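Have the viewer open as you read.

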Amino acid sequence: KINVLRHLLYNVALTGPYDYFKEGLFTRFGEWNFVNPLALLIATGIASAVTLPFDNIRTRTIQLHK
């Protein structure tokens, strides 16, 4: 159950910021080659920060049941 929630939050935390930052960078800089990778880098940082607590909880519960 927590794994499904983690995947749901990961998708939301990845696609939302990616679209937001891609649009903002495109508006400021135009059609440069660094816009998409930079937006993806920022979005993956945010998504990692969102899903890290769920990964820690899952790892600790697995270790407790061994």
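Which residue forms a salt bridge with Arg58? That partner is Asp55, with the closest N and O atoms 3.7 Å apart. Keep in mind that this is a predicted model.

## The salt bridges

There are two salt bridges in the structure. The Asp55–Arg58 pair sits within helix 2, and because the two residues are three apart there, about one helical turn separates them. Arg58 counts as partly exposed, since its relative accessibility is 29%.

The other partner to look at is Arg6, whose side chain meets that of Asp55 in a salt bridge at 2.9 Å, N to O. Here Arg6 belongs to helix 1 and Asp55 to helix 2, so this pair ties together parts that are 49 residues apart in sequence. Arg6 is buried, because its relative accessible area of 16% falls under the 20% cut-off.

## How the helices pack

Now zoom out to the helices themselves. Helix 1 covers residues 2-29 and helix 2 covers residues 35-64; they pack at an angle of about 160°, their axes 8 Å apart. Angles over 145 degrees count as roughly antiparallel, so that's the label for helix 1 and helix 2. The crossing of helix 1 past helix 2 is right-handed.

Technical notes: Residues numbered from 1 in each chain as written. Predicted model: local features only at pLDDT ≥ 70, side-chain atom pairs only at ≥ 80, totals over all residues. Heavy atoms only, no water. Axes fitted to C-alpha atoms, helices over the stretch in contact; angles between N-to-C directions. Helix = DSSP H or I, 4+ residues; strand = E, 2+ residues; numbered from the N terminus. Parallel < 35°, antiparallel > 145°, perpendicular 65-115°, else oblique. Left-handed = near helix turned anticlockwise from the far one by under 90°. Salt bridge = Lys/Arg side-chain N within 4 Å of Asp/Glu carboxyl O. Buried < 20%, exposed > 50% of the residue type's maximum accessible area, 1.4 Å probe, protein only.
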